[in-house]
Amino acid sequence: MIIEFITRKMIPFIQLYALYVVAHGDLGPGGGFQGGVIFGTSIILYIIVFGMEKGKRLLPLKITDFLGSLGVLIYAGVGILCIVFGGEYLEYTKLPFKNPHLAAHLGIFAIETGVAITVSAVMVVFIFDIARKKDV
Amino acid sequence: MSDFILSKFNYWASILLMMIGMYGMIAKKNLIKKIIGMNIFQVSVFLFYISMGKVKGGTAPIFWEKAVIYDNPIPHVLILTAIVVSISTTAVALSIIIRIYNCFRTVEENKILETLANDENQSGNNQ
Amino acid sequence: MFDVFLLILLIIFAIYSVREKDLLSSIIILSGFSLMMTILWTRLNAVDVAFTEASVGAGVSTVIFLAAISRTKREEEVGQGRKRFDFYKIISLFIVILTGLVLAYGTFDMPPFGDIEAPVNTVLAPRYIYGSVPELGIKNFVTSILASYRGYDTLGETTVILTAGISVVILLRRKEL
Amino acid sequence: MIVYIILIPLVTAIIIPLFGFINKKLPFYVTLLSAFTNFILVIRTAKKIFSYGTERYFFGGFEAPFGIEYVVDGLNSIILIIISFMFFIITVYSKRSLEKEIENRRLPLFYALYTLFYTGILGIVITGDIFNLYVFIEIASLSSYTLIAMGQKRNALMASYNYLILGTIGATFILIGIGYLFMATGSLNMADIKLRIVPLYHSKMVRTAFAFLTLGLMLKLALFPLHVWLPNAYSYAPSAMGALLAATGTKVSAYALIRILYSVFTIEFDMKIIPFNQIFLLISLVAILAGSTLALAQTNLKKMLAYSSIGQIGYITLGISLSNATSLQGSVLHIFNHSLMKGGLFLIAGGIFYKLNIENIYDMKGISKRMPYSMAFFVILTLSMIGMPFTVGFLSKWYLILGAIEVGRYFVIPIIVISSLLSLIYLWRLVEISFNSDVDKKEISEMPVSMMVPVIIISLLTVFLGVFSDIPISLSREAVKIILGS
């Protein structure tokens, strides 16, 4: 009971921290990958405490599969956008924003988000499929 | 002499760790143990890379007005990529091991090879 | 000196983890090994890498190892009637020592640890360190290299993760397991 | 422009699972479309390269040693052509074959991994950055481990696991090599390293880096003493995947080895500073003989072809070790030819398994009556493997022999002849058994059209390119120009 209560209260904070890590990758340590792992861990914690069934209800497998692809698609898509706006692949400074620094910031934020989405989805998939005892 | 040893100690320690990991990877017969060896092997290679990026008196590679010398950020970047590769390999390897366990009911290489040899004999007799 | 102590401890942990017959303890020691590595890397100022290793090496990787042994076997079996002269082990030991010697041979020409004049620190690094803030406005050099200068590697890295995810799904998501 | 060569398969691989949600059959057509587009793109790029010279692409607009660079030149465009062609052809073949061997609901993810493998090998071929090479080697390896594990028999799992262990050791060795090289030169760009390495010939770091890079690649290449993972991996993988691996997997590693030897290290370093060539020559000759002999001992058709591959890899490395223009041309030609021939033979083996469910050679009595066309093409490919004149297999052996004569290593010639005779014996064995007329099952049951057409195209190409030999020869001459840096 207590564990469930604490987990329920803790998970939002872990997820908030994960978002902070993703967003602050360009200022301090951290970035998409670390943030993604932490976000994935919050869901793993939920699964460990509340069981596989509830975890699956919270985040159906189809959605994790979809998110895994979506993240890489965002990354590759940002690169292609850079080509569309006249730069080379992944040349963020060519994105149409006020100044190159802002463009670089937003471009990097976009790809970090992509990385975070893929990584957290795949981490959840790892746990779902490796820890599962039977077909649930 | 002690200067010389200290100046290379990080590299030698990582080489020793690599040897331990690699030994676990080839000599052990247990499939999971091999993967544990693989993890040690790869992490020690990462240690080797990180050691080469250290600069005497350097600060962490994050912009800071007071900093004079920074540590080299390139090895850090390369290793971030390599860590991801390492966890991916581990996950795939463990999935294959779970499948192997389901087919053979064991994770010892010797026993699996025995079972496979039996398989082949039987299919040979049937013909 | 603390670093030297840590390194020696790391070696002891590694040996113990490889030798231990109970896979559960072996995995826990491996996790401790990763944590100590994290401390060492923080001391070497590789904060980003330490952060990742703490969450991946000591966290996720331990969890999936534990999950895997919970679905397979926990004990490593010792071969019946241990032979005194195990040919296979001696061959592996020989290969490993040979590898180690070649690696050690390479270290003799290396620039000393922490040398700022080493090629590693003079060829590419200055451009990244002094270019990152004016060119891109990114304060964390690791992020600027990871996402921008060598951003394509990171796309490859994300693809590797996706590959692993698809692999795990295709291998394990089935009825008969 | 050349960045699209990677982007098309990469994006395809990502969206295939999404198409899989809509319809289980759609992924095949998406893969086919992307394979075809990519093949056309590669051909167009290659045409441009041959008329205007090397093309380079800088990611993110950061110039060479600072950013990651893609390079397409005379050497890798020939490899790109053969890889993208074989991938397209095998994709056509894969539809029926995989429908039989893989459960339907797993097909979308299978095709996603299959395309990721293709992305990985294309990345290995096209990149000009040594760490990027490692990343793409890992993409290709990880996907191939799983694809091999998808084989029907339970041996496939063990084959995949062994490949995973040895492949990871190989990849980690490559990573160590990159580390030492990075430490010595401070650079990661191949062309830049080549410039910086000249004053460092006697550095112990560079030598260690050389040892680990070549050793790691030899593991991936399955050169003779390190070949143990290959036969099982090739023979227990799903037929289409086995064929793809045989046609592209080791060839790409051979290409990477050539790149490392000649575009990262210099030819003086390989030849004069260290005794690499003598050792390598010896290993190659042993590999040629051992591969052919071991192939004789096999009764499983696919395994026999896999062991024969080990021998053929020896030919490729033989040309590299002789290290003159003619022998290198032989090597490049052999990468090209062998990809074509071995791919075709594996496709036929897969077709026989598809139709009749047999793999053992001695069970194949009289199958020429049941599958006459397949066996006819098998004979054509066999002749090419042996090195008959007017087939493409003749060219590479001819150039290898000429190259050996050029440097006065005459003892190479009898070994090539003996190995050709051995391959005649082990391949002809099947032909003879299949034409055995004791069995009188008359009804013809050929493989389906979509599987037959690729085999026909490959067989005709081996003859066509053997007769009009200017095309492969001029292509490989361009490649050698790049290797020797003239």
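Predicted model: local features only at pLDDT ≥ 70, side-chain atom pairs only at ≥ 80, totals over all residues.
1. D:Glu268 sits in helix α11 of chain D, which covers residues 267-273. Leaving aside residues up to four places away in sequence, D:Glu268 touches D:Tyr201 and D:Ile273. With a relative accessibility of 37%, D:Glu268 counts as partly exposed, because that class lies between the 20% and 50% limits. For a sense of distance, D:Ile401 is 133 residues from D:Glu268 in sequence, and their C-alpha atoms are 23 Å apart.

2. Next, the interface of chain C and chain D. Here 37 residues of chain C meet 49 residues of chain D, and the two chains bury about 3,900 Å² between them, with 71% of that area from carbon and sulfur atoms. On the chain C side, C:Arg150, C:Tyr152 and C:Ile170 lose the most area to chain D, together 18% of what that side buries.

3. Two salt bridges are found between chain C and chain D; D:Glu63 forms a salt bridge with C:Arg127, where the closest N and O atoms are 3.1 Å apart. Ten residue pairs, both members at pLDDT 80 or more, are in polar contact between chain C and chain D. Helices α4, α5, α6, α7 and α8 of chain C each give two or more residues to the side that touches chain D, and α8(C) provides the largest share, 14 residues. By class, that side has 20 nonpolar, eight polar and nine charged residues.

4. Now the interface of chain C and chain B. It takes 87 residues from chain C and 79 residues from chain B. About 7,700 Å² is buried between chain C and chain B, 77% of it on carbon and sulfur atoms. Zero salt bridges are found across this interface, while 14 residue pairs are in polar contact, both members at pLDDT 80 or more. The elements of chain C that give two or more residues to the side touching chain B include α1 (2-19), α2 (23-43) and α8 (151-172). The largest share of that side comes from α3(C), with 13 residues, and its residues divide into 56 nonpolar, 14 polar and 17 charged.

5. Finally, the cysteines. Over all chains, the structure holds zero disulfides. A:Cys82 is buried, at 0% relative accessibility, whereas B:Cys103 is partly exposed, at 30%.

Note on methods: Residues numbered from 1 in each chain as written. Chains lettered and ligands numbered in written order. Heavy atoms only, no water. Disulfide = S-S within 2.5 Å. Buried < 20%, exposed > 50% of the residue type's maximum accessible area, 1.4 Å probe, protein only. Contact = heavy atoms within 4.5 Å. Buried area = accessible area lost by both parts, 1.4 Å probe. Salt bridge = Lys/Arg side-chain N within 4 Å of Asp/Glu carboxyl O. Polar contact = N/O pair within 3.5 Å; in protein donor to acceptor, adjacent residues only side chain to side chain. Helix = DSSP H or I, 4+ residues; strand = E, 2+ residues; numbered from the N terminus. Nonpolar A, V, L, I, M, F, W, Y, C, P; charged D, E, K, R; others polar.
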